[in-house]
Amino acid sequence: MRTLIPDYYEKFKCIGSECEDTCCAGWGIQIDQQTMNKYKHVPRHKLDLKSGIDATKFKMNQGSCHFLTSEKLCQIQLTLGETYLTKTCDQYPRKLNAVDGVKEASATLSCPEVARLVLFNPDGIEIKYVENDSGGSVESRFSSDDHFNAVRDLVLGILQDRRYTIDDRMVILAMYFNDLDNYRGLEQALLSEDFRGVLRDLNVNLNSQFQIVKSILHILKDESKEAPRYKSCLSAVERYYGDSDARYKESYDQYYQPFMEQNEFIMENFLVNYAYRAVDFSKSIEPFFLMSVFYAMLKYHLIGMAGANERLSNELVIDTVQPFMKRFEHHPGTSMIIAFFEKNGFFCLSDFIVLLKTQITD
């Protein structure tokens, strides 16, 4: 059976106790019914599972799973074996979608090791079919049609088009999604179009960009969901910015832009992985809108971290991207963002340009 995979997928291997974070902390872990039935037959003298389970979830001790050892390993796997892991624990950080019955494998950047494999490949992400069946449960299933495939090809194609800066690639997609009625059916032609003349005429407004992203983060603020690594990151960012939007531009000019100019593949890979995992952009503007918000929020964090450290490096990128994704990737507040901006008329091209563009096009 064929499976679609990105090139990093088969390279991933959990580094266990050597990891700077742990996937067993920072969120609740649901136990599926099949695994729960197994647990009922485990003798207490072998492993006291009942003491660490609350209804259908593992109990949390100071934000970490009850069964996480001091060496950051899983007591259930160590004692009972891998077959006793829940579906969530067994599959993470991997994810399986299916389009027309064909599995599509990917992995989340909320895992530091995955983030390193994805972000630091200067050649970009290659997605290919392999002749094997990736084990695991399918999370979401999609049915495609010609429009579904055309839009997906457009999104992934533009995001990997290195004629443009990564900001401009997002702006090109914003142009498309803000005028779907006129552009529908022209996706293939848009991939070969040259937008550089149009992009040169667009202005940059970093002050407004800063205020918009700060407002979005305020909407999503929830300290109960902020794990220590994210709290540390956000604290450094907030201390650096203070109440001054001028520091956003200062750090962008001095640290973020010089680093990203040499490593723009980092943000390209971030967006390509996000878009590939999101799968369907063909039904409405909302998936693109959410991708744009994630991109703008991540830049806000990276620019703040660069300013706080007076530099940007691969290590700081991981220390920002990974806890950021762990904090926001599955955040239920995304529906709040959509509702808020629909009410306030955010879905227009000029606002997308303010949100996305941080540099003048050459």
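This is a predicted model: local features need pLDDT of at least 70, side-chain atom pairs count only at pLDDT 80 or more; totals for chains, interfaces and linings use all residues.

Me: Why is the pair of Tyr230 and Phe328 called edge-to-face?
Reply: Planes under 30 degrees apart count as stacked, over 60 as edge-to-face and the rest as tilted. The ring centres of Tyr230 and Phe328 are 5.5 Å apart and the planes stand at 90°, so this pair is edge-to-face.

Me: What makes this pair a tie between separate parts of the sequence?
Reply: Tyr230 belongs to helix α11 (residues 228–241) and Phe328 to helix α15 (residues 314–328), so the pair ties together parts that are 98 residues apart in sequence. Helices here are DSSP runs of H or I with at least four residues, strands are runs of E with at least two, and both are numbered from the N terminus. Both Tyr230 and Phe328 are buried, a word that means under 20% relative accessible area, with exposed over 50% and partly exposed in between (1.4 Å probe, protein chains only).

Me: And why is the pair of Tyr274 and Phe294 called tilted?
Reply: Their centres lie 5.4 Å apart and their planes meet at 50°, so the pair is tilted. Tyr274 is in helix α13 (residues 265–278) and Phe294 in helix α14 (residues 286–309), 20 residues apart.

Me: How do you know that Lys38 sits over the ring of Tyr84?
Reply: The rule asks for NZ of Lys or CZ of Arg within 6 Å of the ring centre and within 35 degrees of the ring normal. The charged end of Lys38 is over the Tyr84 ring, 5.2 Å from its centre. Arg2 likewise lies over the face of Tyr129, at 4.0 Å from the ring centre.

Me: Why is Ala55 called exposed?
Reply: Its relative accessibility is 62%, so Ala55 counts as exposed. Ala55 lies in the loop between β2 (53–54) and β3 (57–58), and its phi is near 60°, a positive value in a residue other than glycine.

Methods:
Residues are numbered from 1 along each chain as its sequence is written. Side-chain values use heavy atoms; hydrogens and water are left out. Rings of Phe, Tyr and Trp (its six-membered ring) pair if their centres lie within 6.5 Å; planes under 30 degrees apart count as stacked, over 60 as edge-to-face and the rest as tilted.
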